[in-house]
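Reader: I would like to read this model feature by feature. Please give the general idea each time, then the case at hand.

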Amino acid sequence: SPSPAPPRRLRGQRPKISFCGGAMVAHRRAAEFSAEYYCKCESAESLETLSRLLFEAAEALGLSYVACGAHIDPDDPPAGAFLFANYPQEWRDRFRACGYHRIDPVYRYAAQTRRAFFWDDDDFLSALNDRQKRLLNEARQYRVASGFTVPLRHDVLLPASISVISDTGDIDDWVRSAVHLIGTHVYQAASRLVSDGTPATP
């Protein structure tokens, strides 16, 4: 008899994100990809080098944009905090001018969960207020949309995360796992540099 058709996935429904169990093949591929970057991050002597490595890895993974760092006011970052991002400059200027760090829904949600999430997940969208919905709609005009975010832990307890964006809106399992690993490598290496006295200016 013919095999049953797989259930249709509705909007907002995505496979549960996992970095173990059934995702072992994806994780192994991600680990192989990120191994080279881990060594380079460990030997990096500046935040500029780490930001370049981050952007190179994102491009190699087929991702359009990436942001990795603490959830900070870009005009007034606290001591020891940093943020690497290659989002379109027009959006970064708009984000800064409007003080959007105060209401950024990705920042807010990532600070409240330990699980990675897509920006069209039901749990994420259901937590948005009207201002945050308008922010996401505005960001879409700058091609900052269909993102995927992994929360990160900061040594000085500031909320932090790595977010990536794909123009297609699709991010393979192994790429999601690689984003987690690369983000962790870059963030931990940058945290060590800052704690050693490196100015937090990427």
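Reader: Which residue forms a salt bridge with Glu36?

Author: Side chains of opposite charge can pair when their charged atoms come close. The criterion for a salt bridge is a side-chain nitrogen of Lys or Arg within 4 Å of a carboxyl oxygen of Asp or Glu. Here Glu36 pairs with Lys40, with the closest N and O atoms 3.0 Å apart. The two are 4 residues apart in helix H1 (residues 24–43), so about one helical turn separates them. Helices are DSSP runs of H or I with at least four residues, strands are runs of E with at least two, and both are numbered from the N terminus.

Reader: What should I know about the source of the model and the numbering?

Author: This is a predicted model, where local features need pLDDT of at least 70 and side-chain atom pairs count only at pLDDT 80 or more, while totals for chains, interfaces and linings use all residues. Residues are numbered from 1 along each chain as its sequence is written, and side-chain values use heavy atoms, with hydrogens and water left out.

Reader: How many salt bridges does the structure hold?

Author: There are 7. One of them joins Glu42 and Arg192, at 2.4 Å from N to O. Glu42 lies in helix H1 and Arg192 in helix H7 (residues 173–195), so this pair ties together parts 150 residues apart in sequence. Glu42 is partly exposed at 41%, and Arg192 is partly exposed at 35%.

Reader: Which residue does Glu138 pair with?

Author: Glu138 forms a salt bridge with Arg94, with the closest N and O atoms 2.4 Å apart. Glu138 is in helix H6 and Arg94 in helix H3, 44 residues apart, so the pair links distant parts of the chain. Glu138 is buried, at 14% relative accessible area. Arg94 is partly exposed at 35%.

Reader: Now the sheet. What is the strand order?

Author: Two strands pair if DSSP finds at least two bridges between them. The open sheet has 5 strands in the order S2-S1-S5-S4-S3, with antiparallel pairing. S2 and strand S3 (117–118) stand at the edges with a single partner strand each, so one side of each has no neighbour in the sheet.

Reader: How many bridges join S4 to S5?

Author: Strand S4 (residues 147–152) and S5 run antiparallel and are joined by 6 bridges. Val150 of this pairing stands opposite Ile162 in S5. S3 and S4 are also antiparallel, over 2 bridges. Phe118 has Phe148 in S4 as its bridge partner. Phe148 in turn has Val164 in S5 as a bridge partner.

Reader: Which way do the residues of S4 point?

Author: In a regular strand the side chains alternate between the two faces of the sheet. Gly147, Thr149 and Pro151 point one way from S4, while Phe148, Val150 and Leu152 point the other way. Of the 6 residues of S4, 6 are buried, so the strand is largely enclosed by the rest of the structure.

Reader: What lies in the loop between S4 and S5?

Author: Pro159 lies there. Pro159 is partly exposed, at 34% relative accessibility. Contact means heavy atoms within 4.5 Å. Leaving aside neighbours within four places in sequence, Pro159 is in contact with Ala70, His71 and Ala111. Pro159 and Ala110 are 49 residues apart in sequence but 7.6 Å apart in space, C-alpha to C-alpha.

Reader: How much space lies in the largest pocket, and how much in the largest cavity?

Author: On a 1 Å grid over the protein atoms alone, a cavity is a set of points where a 1.4 Å probe fits but cannot get out; a pocket is an open set with protein on both sides within 12 Å along at least five of seven lines; lining residues have an atom within 4 Å of a point. Grid points are joined across faces, edges and corners, and a volume is the space filled by probe spheres set on the points. The largest pocket holds about 640 Å³. Of its 35 lining residues, Leu83, Ala85, Arg92, Phe95 and Tyr107 are the closest to its centre. The largest cavity holds about 50 Å³. H2, S5 and H7 each supply at least two residues of the cavity lining.

Note on methods: Buried means under 20% relative accessible area, exposed over 50%, partly exposed in between (1.4 Å probe, protein chains only).
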